[in-house]
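This briefing concerns the packing, aromatic contacts and charged pairs of one structure. Please examine the sequence and the coordinates below before turning to the points that follow.

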Amino acid sequence: MNLLKEYSQSLVAHPVVGATGTAVMMMVNFMFGTGITRTAGLIFLAVLTLDWLSGRAASKRDGTMASEYGINGAYRSAFMIGIIVLAFRVDVALGLPYILYAYFIFNFGLPTWKSMTANVYRAGWERWVPGFALERVADEIEHKTARANKRLAEKNRYLDGDAE
């Protein structure tokens with residue numbers, strides 16, 4: 001089975017698929033360029049997506065799911081992506097060797113990775129994460145657990161009619 005041949009045939013047979021793929025790749029190339037910068041950008045987007053998925057699973061598991069918190073998280077994620085894209089475009093415009101881009105990828109990527117790992121733990125999936133990684137993010141796990149407990153207590157107070 002030749003996947004490339006099948007893919008190219010699907011582009012001809014289904015022009016909407018080809019047009020969509022072209023538009024997406026044009027956007028990705030604008031946002032992150034090609035080569036290592038695109039790879040780093042797509043890895044960041046993948047970790048951000050995994051953070052969202054694991055965070056949703058964790059909040060669903062402990063009963064703290066709240067749309068307001070999720071909306072704020074969406075704004076925060078959009079801001080991070082926007083800053084990374086802006087840094088990449090500034091580096092390109094000034095002819096810099098991706099200094100700003102690398103700075104923001106690392107400085108947004110590490111906390112996002114820690115958040116994702118802590119969410120995986122809170123979701124009950126810790127057996128899939130090596131022990132040393134959980135030890136490295138123990139403070140994040142503690143922080144997220146405390147925040148979830150606080151939100152759950154506030155939610156229970158509100159549902160019991162004790163809201164101020």
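Phe88 has a relative accessibility of 3% and therefore counts as buried, the limit being under 20%. The model in which this residue is found is a predicted one. The points below begin with the aromatic residues, continue with the nonpolar regions and end with the charged side chains.

**Aromatic pairs**

- Phe88 is paired with Tyr98 in a stacked arrangement, with 5.7 Å from centre to centre and 5° between the planes.
- Because Phe88 belongs to helix α4 and Tyr98 to the loop between α4 and α5, this pair ties together parts that are 10 residues apart in sequence.
- Across the whole structure, a search finds 5 aromatic pairs.
- Another of these pairs joins Phe32 and Tyr101, whose ring centres are 6.5 Å apart; their planes stand at 55°, so the pair is tilted.
- Phe32 is part of helix α2 and Tyr101 of helix α5, so the pair ties together parts that are 69 residues apart in sequence.
- Both Phe32 and Tyr101 are buried.
- One aromatic cluster is formed by Phe32, Phe88, Tyr98 and Tyr101.

**Nonpolar cores**

- The largest nonpolar core has 13 residues, and those touching the most other members are Phe32, Phe44, Met80, Ile84, Tyr101, Ile105 and Phe108.
- At least two residues of this core are supplied by each of α2 (15-32), α3 (36-62), α4 (67-94) and α5 (99-122).
- Helix α4 provides the largest share of the core, with 5 residues.
- Apart from this core lies another, of 9 residues, which includes Val47, Ala118, Val120 and Ala133.
- Ile105, named above among the core residues that touch the most other members, is in contact with Ala40, Gly41, Phe44 and Ile84 when residues up to four places away in sequence are not counted.

**Nonpolar surface**

- A nonpolar patch on the surface is formed by Leu94, Leu96, Ile99 and Leu100, which together have about 350 Å² of accessible area.

**Salt bridges**

- Side chains of opposite charge can pair when their charged atoms come close.
- The structure contains 2 salt bridges.
- One of them is formed by the side chains of Asp62 and Arg122, at 2.6 Å from N to O.
- With Asp62 in helix α3 and Arg122 in helix α5, the pair ties together parts that are 60 residues apart in sequence.
- Asp62 is partly exposed, its relative accessible area being 25%, whereas Arg122 counts as buried at 12% relative accessibility.
- Lys114 and Asp139 also form a salt bridge, in which the closest N and O atoms are 3.7 Å apart.
- This pair links distant parts of the chain, 25 residues apart, since Asp139 lies in helix α7 (residues 138-159) and Lys114 in helix α5.
- Asp139 counts as partly exposed at 48% relative accessibility, and Lys114 counts as partly exposed at 23%.

**Arg56**

- Arg56 is placed in helix α3.
- The relative accessibility of Arg56 is 48%, so this residue counts as partly exposed.
- From C-alpha to C-alpha, Arg56 and Thr145 are 14 Å apart in space, while in sequence they are 89 residues apart.

How values were computed
Residues are numbered from 1 along each chain as its sequence is written. This is a predicted model: local features need pLDDT of at least 70, side-chain atom pairs count only at pLDDT 80 or more; totals for chains, interfaces and linings use all residues. Side-chain values use heavy atoms; hydrogens and water are left out. A nonpolar core is a set of buried Ala, Val, Leu, Ile, Met, Phe, Trp, Tyr and Cys residues joined through side-chain atoms within 4.5 Å. Buried means under 20% relative accessible area, exposed over 50%, partly exposed in between (1.4 Å probe, protein chains only). Helices (H or I, at least four residues) and strands (E, at least two) are DSSP runs, numbered from the N terminus. Contact means heavy atoms within 4.5 Å. Patches are made of residues with over 30% relative accessible area and no salt bridge: like charges are joined within 9 Å, nonpolar side chains (Val, Leu, Ile, Met, Phe, Trp, Tyr) within 5 Å. Accessible areas come from the Shrake-Rupley method with a 1.4 Å probe; for residues, only the protein chains shown count as cover. A salt bridge is a side-chain nitrogen of Lys or Arg within 4 Å of a carboxyl oxygen of Asp or Glu. Rings of Phe, Tyr and Trp (its six-membered ring) pair if their centres lie within 6.5 Å; planes under 30 degrees apart count as stacked, over 60 as edge-to-face and the rest as tilted.
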